[in-house]
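Keep the viewer open while you read.

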Amino acid sequence: MRLIARCLFAVAVVVCMAGGAVAQTADDFFNPDVLQRVDMWMHSTDWDKLKAAFQENTYYPADVTWNGQTVYNVGIRSRGLGSRSGTKPGLRVDVDRYSKDLTFLGLKSFVLDNLTQDKSGVRETVAMRFFTRMGIPTPRETHTRLYVNGNYAGLYALVESVDKTMMGRVFGSIGDNVQNDGYLFEYNYVIGRPWRFEYEGSALGPYKQSFDIKTNESKGDSAIWGPIEELVRLVNSTAAASFQQTVGARLDLPAFVRYIAVQNFVAQNDGFNGYDGMNNFYFYRLENSTSHVFIAWDEDNAFLSPDFQITTRLGDNVLTRNTLQVPAFNSQYYSVLLEAATSASDWLQQETQRQLGMIAAAMQEDTLKPYSNAEHAADRDTMLAFAPARVTYVRCEVAKVVGTTLPAGCS
Amino acid sequence: MRKFLLTAIVVLVSAAGAAAQDKRGLVWDDRPTIVFAEDVTLGIRGRLQLDWRQFEPDIEEDTFDLRTARIGIQGDLTRHFSYEMEREIDREGTFGDWKDVYLNWKTFDRIRLKGGRFKMPFGLEQNTGPTETDFAYRSLASTLIAPGRDRGAMIYGELGRLVYEAGIFDDDGANAELEEERFVLEGEDLEGVGPSFAGRVQADLLRALPVPNRLKGANFGFAYTNAYVPEGLNSLKGEAVWGADFFERVYVKGRRQRMGAQFDWTPGPTGLKAEWMQSREQRLNQSNRNEDLSDFITSGWYVSGTWFITGEDKDDNINPRQPLFQGGIGAVELGVRFDELGLRSASTEGTAFTNPRADYQVPNSDRVWTFGVSWMPIRRVRVVTNAIYETFEDTSRTPIPGTSSFWSGLVRLQLVF
């Protein structure tokens, strides 16, 4: 009898221990409520060379450990445009770089954003959470302390890669078919050639340069970029009366209007209607479809100022201008701004506060960031002041544009 | 190029006229040679190889290739010394790399000395000149594992039926040299490979045994090299017949050892050759965590057979028995060779990766069939036709990723004097 009791006790202990070891997922990895810790192990020479040649995209092998799980021999390279740094490099981690079937928590890659252009440390992550809240396809993000070879390498944003895995997550499945076999493009901002969706001619070269293909790379140029040339041509040549029907078959126009409205709400000055043409987005042609959607990317220039005009550059970009000439979409644009103001009214400041609190110690200890703790503190205050002021400003400005009664607090 | 051809023709014509005269001045002694005195000579030699090539599928290589254009001198300085200097000529007709540049002390058969730049004593095919090989291209192992030329000094000689060679060299051979530019940190001292040691023994091992006479001429050889390789992407690499990488260099540090065995048997008009060679490179402190990795191993071998259907003796310096325009068609030789080059790590534990610091490397190999017909209408002129079939183990690392097998062919016109 005593033996049976011992056996039962042992079984109970094993079951309890097993129950505690819940399998971890990509959701846990990108859990925005947790400041993660990622350890990276690289040959000391490789880390030195990556930092010294930070303008190059040379890959180096590394082992990565998170929460007791290690993935070996991933590929790491420096990344970014203006954020590239030899002191605190932004990093792209390609899990399958050296073994094509290798994944980590189901991910083939992820990004370690060095936050060098974001003194608050939370612009990018707060903006992305808000985009998600507003129903826009957005990568998952959180913060992490990064350690390289046991040494603290700074506070980073942990960002989901926009790739086939993410397309599967965002667009789900139809039956057993995961909807991630469409054509995914990263918009390539060409320095010195600001582009605002003007028609560039029938040759595919300019579109090929601007839309960097990320899936279906082996397909022919006409299959990849032909539909983009067609879309740009139609956007530029279709009359307002037939715009919705003609262009709407090739671009999810309501989703586009929502995207630019939310981007305006967060006062993103370097987005689709950016100060130097279009920038910072992915573009996805849905599987077995002619329709495209925009995917948010790199919002660390958001929250420029609470009085960022709600009509900023709406007339500059051909796609924006022609879409908003359609009354239904013009009306939708302002509705989404109001919806964003409502959604942000309490949540945005609380979320900003929460994230700032979560990263406070890690930010203070980060001696590799290109700004001081005092500068961080100043930007933190700016960020905290943004939400209430922006909500009021947007509500007032929308009322002025659409001609409704001004809410309280308008000047 | 035109200058080179013109010079070659002038020298050939003037030397041919003097061939039958007394042994002073410009004479024809196997090649145009200036004889200054007894045992003081200066011979002029030249080699030219022009290739026309086809690829299936197309791998975007040029159809025409000036494979070899060299000019050089060789001769004797008294009966004690000989010398050789040879230099590449590039497509523009200007001088390129130096090839052989050495002085040879040859007073005794048992002990001789050679100093300068010349081929390290490793590899039967590698130590056969490009115009004397049985096929248009050497096997992959001979090209990539065997070290090739280097600066150094070598002692060699014949002890009875044993031929020995042993030398010390500056680096570890031109074939192992890095061609890629390397990123160097500020203040980082870029160490060179080497010095290296190389040695080889060859003997007709069956001569003393009770075997049929035909077999007694079979020659066997064994070779070894040892060098220090500094930290970096300095390993040997896998390169397909036409130059595409199928295994990129990995990080190594420590000793590089090569071992090789060779077999050469040429009964009558036929020839049978085989070689096996292997390189093992240490990877000390080269893991992602600065720990030791298992050795990196490059192995290769080939076996080839040739047959002069026109009956010439394979052992001789090939001279058509019935040259073209003299009642015959020249010499015609058929040949076939199978060769393989493979690269891998000693460790095969866990998951294999293609990363240059992985302990377990995803192996890859290239297997090559070469079918050849060589036609020597007259002495010094050779037309080589080869059909080459390559297959790769890892289809993601081939000249066209995703395609595992490739046909190619070439016709080569070769002139030598």
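A residue counts as buried if 20 or more other C-beta atoms, placed from the backbone, lie within 10 Å of its own. This is a predicted model, where local features need pLDDT of at least 70, side-chain atom pairs count only at pLDDT 80 or more, and totals for chains, interfaces and linings use all residues. Residues are numbered from 1 along each chain as its sequence is written, and chains are lettered from A in the order in which they are written.

On α3(A), the buried residues are A:Asp46, A:Trp47, A:Lys49 and A:Leu50. Looking down the axis of α3(A), they fall within an arc of 165° (taken from the directions from the helix axis to the C-beta atoms), so they line one face of the helix. Their cover includes β2, β3 and β6 of chain A, with contact meaning C-beta atoms within 7 Å.

Helices here are DSSP runs of H or I with at least four residues, and strands are runs of E with at least two. Chain A has a closed barrel of seven strands, β1-β2-β3-β4-β5-β7-β6, with mixed pairing; a pair needs at least two DSSP bridges. Strands β4 and β5 of chain A run antiparallel, joined by four bridges, and A:Val93 stands opposite A:Phe110.

Now for the chain contact: 15 residues come from chain A and 13 residues from chain B. These elements each supply at least two residues of chain A's side:

| Element of chain A | Residues |
|---|---|
| α3 | 44-52 |
| β2 | 60-66 |
| β3 | 69-78 |

The largest share, four residues, comes from α3(A).

Definitions and conventions
Two residues are in contact if their C-beta atoms, placed from the backbone, lie within 7 Å. A residue is buried if 20 or more other C-beta atoms lie within 10 Å of its own, exposed if 12 or fewer, and partly exposed in between; C-beta atoms are placed from the backbone.
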